Amino acid sequence: SGCKLILQKSRALGFGLAHFAQCLSTAQLSPSVYELQLITTLVPNMAGSNGNIIMKGKEDMMMEHIASDDSFLSEALVPEITPGLRVVRVLFRERIFSSQFLKDFSARAASTLGEEISSEAQFEFLLPECFRVCKERGIEFIVDMLFDKESWI
C-alpha cells in the first residue's frame, strides 16, 4: 500500500521548496510514497536588518524566489528520485501578497505555457516547471495558498 510524505517548513530562514528538493534528492523516495505534501511560506525572509518588511522590489524578489524554488523542486520530481508519486500538493502560507496579485502572477505564468487557468487550479502555475514535469508524468499537481490576512486594495 502507498503512503503520504509531508514535509513542513521549520522556523529556520530560507528553508523552503529548494531545501525540500535537496532532501528528496538525497533520500531517493521509495516507490511506495505516492503522495508528497510540502508546506512552507511563499516568500522567505524579506525583513531588513531592523526587522521591517522590505517593500521595494518585493514582487521582483518573490518572482526570483519562486523561479528558483520551482527549478530545484522540478528536478526532484523525476522518476529516478520520486518513482511512485501520483500526487504532489504544495501549500504556501502567505503573509505579504494579496490573493489577486498571486492569481495575476499565476495567470501570466500560465499564458507563457499556453495554458488556461480554471478556478480550481488558480495557483498551480506559480510553479510552471513543476506543473510541466507533473503533467508529463501524469502526476496530479495541486498548489494552494493559506493567507494570514487578505488585502483588498
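Modeller: pLDDT is the predictor's confidence in each residue, from 0 to 100. You need it here, as this model is predicted.

Biologist: Which helix has the lowest mean pLDDT among the elements, and which the highest?

Modeller: Where pLDDT is low, the predicted coordinates should not be read in detail. Among the elements of the protein chain, helix H3 (residues 99–112) has the lowest mean, 79. Helix H4 (residues 128–137) has the highest, 93. The chain as a whole averages 77. Of its residues, 78% score at least 70.

Biologist: Let us take H4, then. Which of its residues are buried?

Modeller: Buried means under 20% relative accessible area. In H4, that holds for Cys130, Phe131, Val133 and Cys134. Phenylalanine 131 counts as buried because its relative accessibility is 16%. Just after H4 comes glycine 138, with a positive phi of about 75°.

Biologist: How many aromatic pairs does the structure hold?

Modeller: One. The rings of phenylalanine 125 and phenylalanine 131 have their centres 4.4 Å apart. Their planes stand at 50°, so the pair is tilted. Phenylalanine 125 is buried too, at 3% relative accessible area.

Biologist: How many salt bridges are there in the whole structure?

Modeller: Side chains of opposite charge can pair when their charged atoms come close. A search of this structure finds four salt bridges.

Biologist: Which residue forms a salt bridge with glutamate 129?

Modeller: An α-helix has 3.6 residues a turn, so residues three or four places apart point the same way. Now look at arginine 132. Its bridge to glutamate 129 has the closest N and O atoms 2.8 Å apart. Both residues lie in H4, three residues apart. Arginine 132 also meets glutamate 136 in a salt bridge, 3.0 Å from N to O. That pair lies in H4 as well, four residues apart.

Biologist: Is glutamate 136 buried or exposed?

Modeller: Exposed, with a relative accessible area of 60%. Arginine 132 is partly exposed at 33%, and glutamate 129 is partly exposed at 32%.

Biologist: What does lysine 4 meet in a salt bridge?

Modeller: Glutamate 35, at 3.7 Å from N to O. Lysine 4 lies in strand E1 (residues 3–8) and glutamate 35 in strand E2 (residues 33–41), so the pair ties together parts 31 residues apart in sequence. Lysine 4 is partly exposed at 44%, whereas glutamate 35 is buried at 8%.

Note on methods: Residues are numbered from 1 along each chain as its sequence is written. This is a predicted model: local features need pLDDT of at least 70, side-chain atom pairs count only at pLDDT 80 or more; totals for chains, interfaces and linings use all residues. Side-chain values use heavy atoms; hydrogens and water are left out. Helices (H or I, at least four residues) and strands (E, at least two) are DSSP runs, numbered from the N terminus. Buried means under 20% relative accessible area, exposed over 50%, partly exposed in between (1.4 Å probe, protein chains only). Rings of Phe, Tyr and Trp (its six-membered ring) pair if their centres lie within 6.5 Å; planes under 30 degrees apart count as stacked, over 60 as edge-to-face and the rest as tilted. A salt bridge is a side-chain nitrogen of Lys or Arg within 4 Å of a carboxyl oxygen of Asp or Glu.
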